[in-house]
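Hi,

Here is the structure I promised to pass on. Have a look at it first, and my notes on what turned up are below.

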Amino acid sequence: MSSVESTVFGRLTWDALPIAALIKNPGTNEIVANAAGAILVLGAAVVLFILSYFKLWGPLWRDWLTSTDHKKLGIMYIVFALVMLARGVLEGVVMRAQQAAGPGDGFLEAGHFAQLFSTHGTIMIFFVAVPFVVGFINFIMPLQIGARDVAFPVMNQISLGLTVSGGMMLMVSLVVGEFSTGGWTAYPPYTGAAFNPGVGPDYWIWAIVVSGVGTTLSGINFAVTIYKMRAPGMGFMRLPMFCWTVICSSILIIFAMPPLGVAALLLAADRYLDFHFFTNDLGGNMMNYANLFWLFGHPEVYLLVLPAYGIYSEVFATFSAKKLYGYVSLVIATMSIAVLSFTVWLHHFFTMGQSALINAVFGVATMLIAIPTGVKVYDWMATMYRGRIRLSVPMLYGIGFLILFVIGGLSGVILANPTIDFQVHNTLFLVAHFHNVLLPGVLFAMLAGVNYWFPKAFGFRLDERWGRISVALWVVGFLFTFMPLYFVGLMGMPRRSFSWEDPSFHPYMIVAVIGALIILLALLSVLVQLYVSIRDRARNLVPVGDPWDGRTLEWSISAPPPAYNYAVLPQVRDRDAFAEAKESGSAYLKPTGYDDIELPKNTSIGFLLCVLSGVWMFALVWWIWWLALGVTVLMLLIVIVWSFDTETEIVIPAAQIKQEHEAWLDLVARTPAVDRDDEAAPANLGYARPDMEGAT
Amino acid sequence: MRHSDHQTYPGINLGDIDPRHQQRVETAQFGFWVFIMSDLVYFGLMFAIYITMIDAQAGGPGPHELFDLRSLFAQTVLLLTSSMTVGLASLALKYHLGLGRVYLWLVATLLLGFGFLTLEIMDFMNMAAKGGVPQRSGFLSAFYGLVPLHGLHVATGCLWLVILMIQMQVVGVTDQIKSRLMRFGLFWHFLDLIWIGIFTIVYFGGLAYG
């Protein structure tokens, strides 16, 4: 490569495209890699075609990409998470297929397999679980506390932009160059420049750093929103349980994301500038990386699972038609978990050379977390006890969670014992454990949340039959895929191995791949459910907005909610504010007066920063220095220019609010109320007949 | 001179504004405190890394060969003085002592910031001349991971201050700009605090234990 070329294109050459490897060296491995790239490119092309064909570019830009509405941002987060979920699941299936291909080397090359488990982990944690959770928080939390938006709507949009651009880097790495082979944790020195001079770890670093900044800003935003923007009367002990979990989760984000940023940036300094933080020579110390990474990594799992607990708390209470049992104990348990989550990080590397005493301390701290979690499980069961239970889709996910999560939690307690951990660390037992907590814990909660709040977001219910099929497939698929892994793990099968020899592993691998295919069907069933629901939406409309006889404020407004959420800010008098209002007959009353409402204006800054940060990362990965520098300056300029725009709000006149709100109140008055028996019937237009005996 | 009453945010004078805007300013200030808290975790971790790597000199130059206490003293004086001048600017704004004084103290802050950065860069160049470059050892990597990170914050602060002064001209000294000045002050004091950590832990600690 000439020096001019390398100045302009850095280290980017035609060989970076996977097609080059296919031409040079045709084989299954390259075909799989190219097929993955082709799916991505085709998928993108189809989306672009549909947008152009139906002339959707304008609405997409005006209503979504430039929107600062927390509800729309939340929905975009969740759509992004679902797209990434599809890729993550497909990768999981390919990995299971590779290991099921029998003793020997399977059909993939070792490096390709390593990329698969690295992207699978990175995607599932950072670009599925995080955006899913952040998306729900965005949509639900301001509604539940009776606010009109989050504290910093534009920053919220920027957060989304940075998260998406990080995810896009993983997509780009599929087509240009390769991704890291160092797992989602990217331990140096393996990921250092000496052992891994290629672009892989750089893709990982920048995707993590940029999306991490986005998540940190989200955490700040959510914490400030809850502290400062609750509706009048909404004291902390009246917050819906979901919002309590959001506070704890936000605190975890604020304190736990910086260690990840530090770890990744120091690794970048090692790789780009020849520093010696984690190298083998000249005083580098990789244990610093392990500590930094897990100082983030352990709180991370709780910042994901706490909001999931919050969703389950809402679901159990609503579909049992009872107030949540043990509210105060749940608050204390949530806070305890949040605090304890910072005291256990070392259990991720019991085997890496600490003294027995230190291991014992962290082992005990880890086991302690089972106590508040156990409190929660009992509280949820007690909530269901003698309730008016409907086994609707979210509830089915919840019950599946209760049973499966307890198993996953118990295997965690087993692993918390350092002596046992020494035996099973780095085996598939661990893989089985964390999938056992993350699938029933986080993913099922997200899907339950989708089924629960979808009618609020879009104004119609999701198809119940396909929802049930979906639950069955997820639960069965999960059991078939991950239960065998506990056993082969105990038999000593290492995780992340592309090749194995012991024939006694084989039956388990076959069962696991069948399970993976069932999970693939489960993913498809989610899409089918969505399609069927949109097709039949006329039969499932819930314009009044309260299809499940909900208890919290978000159900007290129309579905979908107006841009300003509340025509008049609600006055909160009790926990479960809307249930209390329905009981006391103060729901759906005509307000005495209306005021103008100020809402944040649309802005394109989030989208611009999304695109530019994507280019910036690409330039850094490929050493295109002029571009990286230029884009840095450009991003700075954009933020500076934006800060001069002081007219950031539009005013919605009181008259318009009055007209819209009273039209909806008229609709409520005309709508027949339905009983809980008709919850899934077309008659359910979202006006619930209160039948909660002793419910409040 | 008008003292702040219960309606105004402490430390800043927004005049008579309605409670909703008051609430908005309060939210922004609180959000910035939370951001600082998060930033503090970054610095805290870099301090921790530095402490673990004080001995990782790998035969390269250490604190005794590299640190120049006279320059450190000058840098400290400049930065701490700049914290005072930014405080004087806030007071001038709060007690309506005239925009001239506000600008005077802000420009003084900026110049002191530049002075600090100049000395710091000269320091780094002197260290490099003695072989103290980050590529030499883990200890020097940790030093250059932390001290220039603070310098980068100061440089960002200087850029912010320049933009704020332009905005005071272009947009006018509105409530919004005043609240930004307040946040700038917070940021600047925060950097002072970090610097106190740096000269005690990085420099004195390095000399004592390195």
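Start with a pair of helices in chain A of this predicted model: α13(A), residues 370-384, and α14(A), residues 393-416, pack at an angle of about 165°. Anything over 145 degrees counts as roughly antiparallel, so that is the label for α13(A) and α14(A). Their axes are 11 Å apart, and the crossing is left-handed. On the α13(A) side the contact is made by A:Ala370, A:Thr373, A:Val377, A:Trp380 and A:Met381, and α14(A) brings A:Leu402, A:Val406, A:Gly409 and A:Val413. By class that comes to seven nonpolar and two polar residues, with no charged ones.

α14(A) has another partner worth a look, helix α10(A), which spans residues 286-319. Here the angle is about 120° and the axes are 9 Å apart. If you want to click through the contact, select A:Tyr312, A:Val315, A:Phe316 and A:Phe319 on α10(A), then A:Pro394, A:Met395, A:Gly398 and A:Phe401 on α14(A). These residues divide into seven nonpolar, one polar and no charged.

As background, most residues other than glycine have a negative phi, and most peptide bonds are trans. These are the spots that go the other way:

- A:Pro188 to A:Pro189 is a cis peptide bond, with omega near 5°. A:Pro189 sits in the loop between α7 (153-175) and α8 (200-228) of chain A.
- A:Ala559 and A:Pro560 are also joined by a cis peptide bond, with omega about -10°. You'll find A:Pro560 in the loop between α18 (506-535) and α19 (577-583) of chain A.
- A:Ala186 is not a glycine, yet its phi is positive, at about 50°. It belongs to the loop between α7 and α8 of chain A.
- A:Leu282 likewise has a positive phi, near 55°. Its place is the loop between α9 (241-273) and α10 of chain A.

One more residue in chain A: A:Val631, in helix α21 (residues 625-643). With 21 other C-beta atoms within 10 Å, A:Val631 is buried. Beyond its neighbours within four places in sequence, A:Val631 is in contact with A:Leu612, A:Val615, A:Trp616 and A:Ala619. A:Val631 and A:Met169 are 462 residues apart in sequence, but their C-alpha atoms are 16 Å apart in space.

Now over to chain B. Its secondary structure is six helices and zero strands, and its C-alpha atoms fill a box of roughly 65 × 30 × 25 Å along the principal axes. Of the 210 residues in chain B, 38% are buried. Looking at contacts in chain B with a separation of 6 or more, 80% are between residues 24 or more positions apart.

How many residues of chain B are in contact with chain A? There are 30, and they meet 31 residues of chain A. The elements that give two or more residues to that side of chain B are α1 (19-53) and α5 (138-170). α1(B) gives the most, with 15 residues. By class, this side of chain B has 17 nonpolar, 12 polar and one charged residues.

Finally, confidence. The model scores ipTM 0.94 and pTM 0.96. Chain B averages a pLDDT of 91, and 91% of its residues score at least 70. The stretch to watch is residues 1-8 of chain B, where pLDDT stays under 50. The model has seven contacts beyond four places in sequence for that stretch. Where pLDDT is low, the predicted coordinates should not be read in detail.

Cheers

Terms used: Residues numbered from 1 in each chain as written. Chains lettered and ligands numbered in written order. Predicted model: local features only at pLDDT ≥ 70, side-chain atom pairs only at ≥ 80, totals over all residues. Contact = placed C-beta atoms within 7 Å. Helix = DSSP H or I, 4+ residues; strand = E, 2+ residues; numbered from the N terminus. Nonpolar A, V, L, I, M, F, W, Y, C, P; charged D, E, K, R; others polar. pLDDT = per-residue confidence, 0-100. Axes fitted to C-alpha atoms, helices over the stretch in contact; angles between N-to-C directions. Parallel < 35°, antiparallel > 145°, perpendicular 65-115°, else oblique. Left-handed = near helix turned anticlockwise from the far one by under 90°. Buried ≥ 20, exposed ≤ 12 C-beta atoms within 10 Å, placed from the backbone.
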